[in-house]
Every structure is written in structure tokens, then in C-alpha cells.
Amino acid sequence: MNKRLLILNFLLMAMSVCILLIPAFKNGYPLLYSDSATYIVAVSNGAVPIDRPMLYCFLVRHLSLSYSLWLIVIVQSLVFVWLTVMTLKQFLDSKLVVICSFIVCMLLSFLTGASNYLSQIMPDVFSGFLIWALALLLVVEKRNERISLIILVIVSAMVHFSNLLTATGLSLVLLILLSIFKNRILHIREKAVNLALIFVLPWILIPSFNFIFDKEFYLNKSSNVFFTGRLIETKILSDFFENQPEAKKYSLYAVKDRIPEKAWQFLWNNDSPLYDGDCSQHGGWSNCWKVHSSEYGKMIKEILTTPSLLKKFIWISVTDWKNQLFDFDIGHLTPQGKGSGFEEIISLHFDDFLQYRTAKQYSETLYFEKESKLQRWTIGLSIFIIVLLFINLAKIKYVDFKLLIIILITMIAGILLNGLFCSVFSGVLNRYQGRVIWLIPIFALSLLFILVSLKLQQREKQV
């Protein structure tokens, strides 16, 4: 590769990174979600957050260099560009890869919510990285690239508990794919071992991280409390209290008239029954979660072993799963200025406090209604393009057609599993599906570039 082409590729990749961070540039600072505060302070405080894994907290602390949150979103954007290049490299001439990657990044930034999630100090974008990297793992042949993808998958699985479940389910799906397409996939045994590692390692590494910071080997201390919130929101807990006499032995029964309707109200409102008594005086709000976890776990077990309640929960979960799959709007971000706690956090941990103070989100709610509408049209058009191009590639008997099928099945399975686990264990929320739905346009654009490249090659041969 000559020097001019190297410089051009570098500039295009740098521009791709910048284009993907347009929402952050428009805001004047990386986008903040209410949960971002926990990820920023956890490692600095030396404590494992009770309601989420530790790894993203660790990444935020060290990738930011205690200097600026801009470094976090830049790294996230770099990962996106790297995955785009690696995807296109499997099917296109090397000279076309970077320019096509730039076009993909530009279109995804303007037509989907991908750039919004890349611009946030949140692990949400890693849900998409997880599915994308697993799809590539089956088609990439270079060992060093596969190792890089495995590391990314394991990291992505460890930054959010829903990702852990998606990684586990999707690795099982891919092991089945390996057996179906074994004649088409090279290094099949090695890739089966890779998937087995992905299936097992995150379940060991998360408790190991917790042991390093908390001196206890455990996976999750918050699952019972979160799932109780889910049972409250689905009205299953109220059914249990009304129809099962044995429910009286649980502490929430005595305050059933005070239990709020929404899970977030039960989990986060100061007047929630979760924080009754003096539990919060001995270790803060998280101590209340620890105090009630065991009792809630027994209550959940009793509810889910009651056939009528289990049947109702399954029906609600299936309905919510269907709704979640089509609920992927970008939503909005609330102001994170005075009164949010971020003023103290940013000023204490980073050197870019003045940028934070002058950002739009410091005092304004950020709405993305136009972007959400544009994204809905983009997803619909992308599905149409995928169907059309697949028919064309099948007609011309494209040599790597089966590899494209593998990638498509992986992405579809990943999107379905992401929606399933989120809707079952948490509920319907647009950001859950919004964080992965941009995978569909990426695949559509990849197919489009492949077909255009094939047409150009045919013309060259004719000439």
C-alpha cells in the first residue's frame, strides 16, 4: 500500500470516528444517562455497584485517564469503525474497504441511533458490538483477528447482565450453526472452542472481578430486587398477594397498598417500601437491596412455581417481547446539570468540567423525535434491501453466499435474544432494542457494496 493511500485511509477513519460522535459534538459534551454516574464513580470509590457489573466502570475510569469522558466515546467509536472495516474486508477488494467503511459510518450516523449510543457514557452500545463480533467470528479466518473478536465479545458480555445472557444464548445458536455449515466454515474446531470459551468465561470473570474489588466471589446481588420490580409492574405480585394465603408471610404484603405501579418507582423512589426501616442507615440504599434480597428470592421462587402465575408471567413476557422488538426509538435524555449529582462527579474526577457546564444537556432535555422517525424508515428500507439483494446474490450464485447467511442469522438471533432477555427480566424500554437495531442497516449496506463490487468486476472482465 503506497503512502498516499495510507494517509487517505487514516484520514477517512479519523473522519468516521468524528462523524459517529456528532450527537456528542452537537451537545458539546458526551451524552449522559442517569446511570452514567454509577459507572464513573464506582472504581474510584473502590466499591462494586450492587446493581450492575464492574467492568464498564473500570473501563470508564482507566480509558478516560481521569482526564476527559471524551476519550471513552472516542474509543467506542473506534471499535465501531474497526468492526465496520473488518466486516467489509471479508467481502470487498482491500482498496475499497476504508472508503466503503466511511460511507457506512456516515449513513449510520445520520440515519440511525447508533451515533447516539456511541456518544453516551453507557455500556448500551456494547450490546450491538457483542452480536456483531460474534457474527464475524464465524467468518474471519486470521487467528489474530479472531482473538481480537473474542476479547471484544467477552468484554461486551461483561459490561451488562443482559449482554451476559445474550452472549450465552447466542453462542449456543452459533454452535448449532457450526454443525449445519461445517462444510463451509474453515477452522471449525477452533471456532467451536472459541464459542465454548465465550459461553463459559464471562460467568467466571464477572465474579472474579467482584472478588478483586469486593473480596467476595459472586455474580449478582441485585437480581432478586430487580425481578421483584418486574413482578410488580406486570401485576403478578398483586395477584400473588390477593389469591395466595401464604403470601402474608412476606414483608411486602404488609405494605401492599403502598407498592408503586412501576418497577423504577419501586427501585429508585426514596418513599418505596424497599427502603422501609433503618436498612439505609447502615450502608446506604444498596444495603436495603442486600437486606431484602434473600426474602425476595424465596418469594419469587414461590410465585414462579405457582402454575397460574407462571402461565400469566410467560404470556406477559411473550407479549412484551413482541412489543420490545418494534420499540427502538431513540427516546430522550434528561438534563444532567444542577441537582443531578454530575456537577460534583465531573469536577472531582475529570479536567473537562467547563465543557460539561456549557453543554446543552446541562440545562436542557435532549429530544430525538426526528432522528427516531428517520430511523424507523431506515430500518424498514433496510429490510427491503436485504431481501432484494439476497435474491440477486442467490441468482448469480455468489461464492460467499453461505457466509452472508451465517452473518444474517447471527444478527437476527442476537437482536431477538436481546429483546427477549430485556423484556423478560426488565420490561419494554426503547433503548434496549435501539442499542442493537442499527445492525440491520449495517448488513444491508454491506450487501449493497458487495453487489456493486461484483457488478464492477463483471464490467471490467467484459471490457
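Predicted model: local features only at pLDDT ≥ 70, side-chain atom pairs only at ≥ 80, totals over all residues.
Biologist: Let's start with the helices. How do H8 and H10 run relative to each other, roughly parallel or roughly antiparallel?

Modeller: Happy to take that one. The axes of H8 (residues 125-137) and H10 (residues 161-180) come within 11 Å and cross at roughly 15°. Angles under 35 degrees count as roughly parallel. The two helices H8 and H10 are therefore roughly parallel.

Biologist: Which residues of H10 make the contact with H8?

Modeller: The crossing of H8 and H10 is right-handed. On the H8 side, the contact is made by Phe126, Ser127, Leu130, Ile131 and Leu134. Their partners on H10 are Asn163, Thr166, Ala167, Leu170 and Leu174.

Biologist: And how many residues of that contact of H8 with H10 are nonpolar?

Modeller: Let's go through the classes. The contact of H8 with H10 has no charged residues and three polar ones. The nonpolar residues in it number seven.

Biologist: Now for H13 and H17: are they roughly parallel or roughly antiparallel?

Modeller: Here the axes of H13 (residues 236-243) and H17 (residues 307-325) come within 11 Å, and they cross at roughly 165°. An angle over 145 degrees counts as roughly antiparallel. So H13 is, relative to H17, roughly antiparallel.

Biologist: What is the handedness of the crossing of H13 and H17, and how many charged residues does their contact have?

Modeller: H13 passes H17 in a right-handed crossing. Ile236, Asp239 and Phe240 of H13 meet Leu309, Lys312, Phe313 and Ile316 of H17. By class, this contact of H13 with H17 has five nonpolar residues and no polar ones, and its charged residues number two.

Biologist: Is the disulfide of cysteine 279 and cysteine 288 left-handed or right-handed?

Modeller: Both partners are buried, cysteine 279 as well as cysteine 288. The torsion about their S-S bond is about 95°, so the disulfide is right-handed.

Biologist: What about cysteine 18: how far away is the nearest cysteine sulfur?

Modeller: Cysteine 18 is partly exposed, at 40% relative accessibility. It is in no disulfide, and the nearest cysteine sulfur belongs to cysteine 105, at a distance of 11 Å.

Biologist: Is cysteine 100 buried or exposed?

Modeller: Cysteine 100 is also in no disulfide, with the sulfur of cysteine 105 the nearest cysteine sulfur at 11 Å. Its relative accessibility is 8%, and the cut-off for burial is under 20%. Cysteine 100 therefore counts as buried.

Biologist: Finally, where is lysine 397 found, and is it buried or exposed?

Modeller: Lysine 397 has a positive phi too, near 55°, and is a residue other than glycine. It is found in the loop between H20 (369-395) and H21 (401-425). With a relative accessible area of 75%, lysine 397 is exposed.

How values were computed:
Residues numbered from 1 in each chain as written. Heavy atoms only, no water. Axes fitted to C-alpha atoms, helices over the stretch in contact; angles between N-to-C directions. Helix = DSSP H or I, 4+ residues; strand = E, 2+ residues; numbered from the N terminus. Parallel < 35°, antiparallel > 145°, perpendicular 65-115°, else oblique. Left-handed = near helix turned anticlockwise from the far one by under 90°. Contact = heavy atoms within 4.5 Å. Nonpolar A, V, L, I, M, F, W, Y, C, P; charged D, E, K, R; others polar. Buried < 20%, exposed > 50% of the residue type's maximum accessible area, 1.4 Å probe, protein only. Disulfide = S-S within 2.5 Å.
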